[in-house]
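Here's a quick briefing to read with the model open beside you.

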Amino acid sequence: MPERYIVVGGGLAGLMTVIKLAEAGKHVDVFSIVPVKRSHSVCAQGGINGAVNTKGEGDHPDIHVKDTLKGGDFLAEQPPVKGMCYAAPQIIYLLDRMGVPFNRTSEGLLDFRRFGGTLHHRTAFAGASTGQQLLYALDEQVRRYELDGLVRKFEYWEYLSFIKDEQGACRGIAALDLRTMDIQAFPADAVCLATGGPGIVYGRSTNSTINTGSANGRSYMDGAIYANAEFVQVHPTAIPGEDKHRLMSESARGEGGRIWVPKKKGDTRRPRDIPENERWYFLEEKYPRYGNLVPRDVASREIFQVVKELGMGVEGQDAVYLDVTHIPADVLDRKLGGIMEIYEKFQGVDPRHEPMKIFPAVHYSMGGLWADYEADANNNLVPGSPRQQATNIPGLYATGECDYAYHGANRLGANSLLSCIYAGMVAGPAMISRARNEMKSKGDVPSSLLQSGKKQWDERFAAIYRMSGTENPYVVGQQMGDLMIKSATVVKHNSQLDGALDEIRTLKERWKRCNVLDTGRTVNQSAAYVNQLWNMLEIAHLMLKASRQRDESRGSHYKPEFALPKPKTPNPKDDPEFMAAWKARNDKWLKNTMGTWTPEGPRIEYQELRSLRNPILSPEPRHYD
Amino acid sequence: MPDKVIVRIERSDGPGQASRWEEFQVERRPNANVISVLMQIQRNPVTAEGKSTSPPAWDAACLEEVCGSCTMVINGKVRQACSALIDKLAQPISLQPMKKFPLVRDLTVDRGKMFDALRRVRAWIPIDGTYDLGPGPRQAPEEQELRYVLSTCMTCGCCLEVCPQVTPATQFIGAAAISQVRLFNTHPTGAMNASERLHGLMEAGGVNDCGKAGNCVDACPKGIPLTSSIADMARESAKQGLRDWFFRDERKRGAGPAG
């Protein structure tokens, strides 16, 4: 049998993994719950980072590395970040060659804009729907390989679990056909999960409805380590909605958008009638250097404070203004057209003439499946090492938002498209190496293994179809979301987390009393949902437990009870007292949270960062003012 | 403003099965859209007459009108359910599956033929590889702006749904794929393979089957200039036909474009 590879997920990370495998002439089966062209990557708006340095600012991949590590409060292992930032310019060029309609300068070169957490113009963009454009480019290349017979697509198929052999290695997957509800097992020499983030665990977020994190949760239940679960990014600017919170890209601020509230509490005047000196541009005031482009964790906390603690939200609501009305409408249309349309369409107000009302919303999980790396003494990743992007389950890889690498405790804007593509570029060759090194001796996947993998899931679904209790699974899911939003977003309190841990156990009990609502065998979405919901509850449980146990503030994880004192000097490094407290905190907590599933609940351990033994950059306090 | 939303959904259990209408009544919520109403029904799948039923099946993903998933026929008009705001819809609201695609169940259909069409017209830039080969060709901002608009096509199927030329008996490829040929043929690298894509449009069901009804451009949620794409590609295909005829001898010798 020729080697076979499986990639689960057809977003940017998955498709780039597929392309790398197919380019090497390998056969790949790609599984996706939606046609891959409809994956969540389409929602990324602002752009993709790369220190191409076309604006005379002296930008360099080293500065990109520093911004990324510092933005993540030094919780990311450093060599993968270095690899990513150094590859970024050529990744952007590659996408350019694939035909992505990136915005151009008058000379016909790629244009770059500013994004949060950096002082450089480093973000290449295609209007304000960059993710969509990038995904389409990769989708097109994969379609080419499909025509060549190297890629088989299984669309409307849902990953159920990986299949383990007696040595604990991954030898394939079980998957569910979401149309016919058939379950099948598929063999593979290596499997890559590129299944995105778990935003739907929070109910309403900026995520697509498909981002349940179910595959990640199930893999964690089956023994994959889930790392840094407590680090979930809340994006500062989204439009609250009944079905989801729609993202208002950071690029709005990158192009000059300003955040403000009226200085007078509960001011009922229309925003344009409020004179300049009666507006409070609180980010610009507090962070003169970065202004509106502080990293997302910082901006979200500031907005939360202004609204929740000071009660200064616009018209007493949970909202602040995001104002782009001072930017000429033709510039807005050219550079931010996509998001201008979204606001207009969904809010019925033209943001070119009226400031947008926005509020923070859950956006991105820095945490995810733990993934390995192998670097040399110079902190360069070893090309083609089978350890790159490998989970702790031999033969199982993870890329994209579903892995935990690259972003530490907080992701910088426009680094996610980059990390997805880079991880895919690294994972493909790693999977090929593994198959070459390990699998030859193993031979074909025994059919008994596949049969038992299928049987386990046939039985599980037979049990789900029989569920006839009183609980509606969608109601349980909604209440899980409400619980997570209440207890594990911008500000976390241990007392609240303790309560939430009790409540998640109750929700798990209620899951057992669910009604499947539909016993049909054609597109039975509620049966699929009942299965996903359990996996989501397991992730939610882990997120809460990891949040409860980390008694510090770092990046997106903020516990006021354990915040460091404010430094007394403009540069924190000049305040010895602060530095002592900061160092003590790092000694205790600058570690990755390793979550392992047990029948009794999540088990949490902490792992030292390997790269800090020979760091590219020594950690330093974050400050952006 | 009534405090209820009344929705009528055309349902069927699968291909070839009889369809039926079910009516639902849900509480009216601020900022509601068709998706949030369908979510309310999932949480309480009981018809207006009080009969328990299964939650209707529907496709969705991004809910921001960039993925194309949740396309359906709402009050007789094909559009995305996520951007169909309840406040702007006459009630009772009727929801139906698209009719120009094979039905799967309830509001879900199989739009696979649209992706097949993209394969047929070779809708990609045939890059040499993913290695570091430097930047792509320079492009004028005006050119980028046109390509960007064409590239926002999310393969939602609205243009096929409203096209009188798309019927079970015909094989017209539809505006979306034709416009994609224009997208790639206007790219400096893509232009090198323009003839391959044009040949994809010159086969049966190609650009010449367009009946010029012009419904597509009105139905496109992204404002893509579909009729000008079709006119442009019809012209280019005609020129390609002439080129093929003039150079037919060379083609016979094996130098011809791949279909």
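In chain A of this predicted model, strands β7(A) (residues 157-164) and β8(A) (residues 170-177) run antiparallel and pair over seven bridges. Strands pair when DSSP finds at least two bridges between them. Helices (H or I, at least four residues) and strands (E, at least two) are DSSP runs, numbered from the N terminus.

A word on ground rules: residues count from 1 along each chain as its sequence is written, and chains are lettered from A and ligands numbered from 1 in the order in which they are written. Because the model is predicted, local features need pLDDT of at least 70 and side-chain atom pairs count only at pLDDT 80 or more, while totals for chains, interfaces and linings use all residues.

**The β7-β8 hairpin**
- β7(A) and β8(A) make a hairpin with five residues between them, and A:Gly168 in the turn has a positive phi of about 85 degrees.
- Seven of the eight residues of β7(A) are buried; buried means 20 or more other C-beta atoms within 10 Å of the residue's own, exposed means 12 or fewer, and partly exposed is in between, with C-beta atoms placed from the backbone.

**Chain A as a whole**
- Chain A has 15 helices and 21 strands.
- Its radius of gyration is 24 Å, close to the 25 Å from the globule rule for 625 residues, so chain A is as compact as a globular protein of that length. The radius is taken over C-alpha atoms, and the rule is 2.2 Å times the number of residues to the power 0.38.
- The C-alpha trace of chain A spans about 75 × 55 × 50 Å along its principal axes.
- Of its 625 residues, 60% are buried.
- Helix α14(A) (residues 525-549) has 25 residues and reaches 36 Å from first C-alpha to last, close to the 36 Å expected, where the expected span is 1.5 Å times one less than the number of residues.
- In α14(A), 24 of the 25 residues are buried, so this helix is largely enclosed by the rest of the structure.

**Where A meets B**
- The contact uses 59 residues from chain A and 60 residues from chain B; two residues are in contact if their C-beta atoms, placed from the backbone, lie within 7 Å.
- On the chain A side, α4(A) gives the largest share, nine residues.
- That side has 20 nonpolar, 20 polar and 19 charged residues. Ala, Val, Leu, Ile, Met, Phe, Trp, Tyr, Cys and Pro count as nonpolar, Asp, Glu, Lys and Arg as charged, and the others, Gly among them, as polar.

**Domains of chain B**
- The assignment gives domain 1 (4-109) and domain 2 (112-127 + 136-255); such bounds come from an automatic or database domain assignment.
- The C-alpha centres of these two domains of chain B lie 32 Å apart.
- Twelve residues of domain 1 of chain B touch eleven residues of domain 2 of chain B.

- B:Gln91 and B:Pro92 are joined by a cis peptide bond, with omega about -5 degrees.
- A:Asn379 is not a glycine, yet its phi is positive, near 65 degrees; A:Asn379 is partly exposed, with 18 other C-beta atoms within 10 Å.
- B:Leu63, also not a glycine, has a positive phi of about 60 degrees, and B:Leu63 is buried, with 28 C-beta neighbours inside 10 Å.
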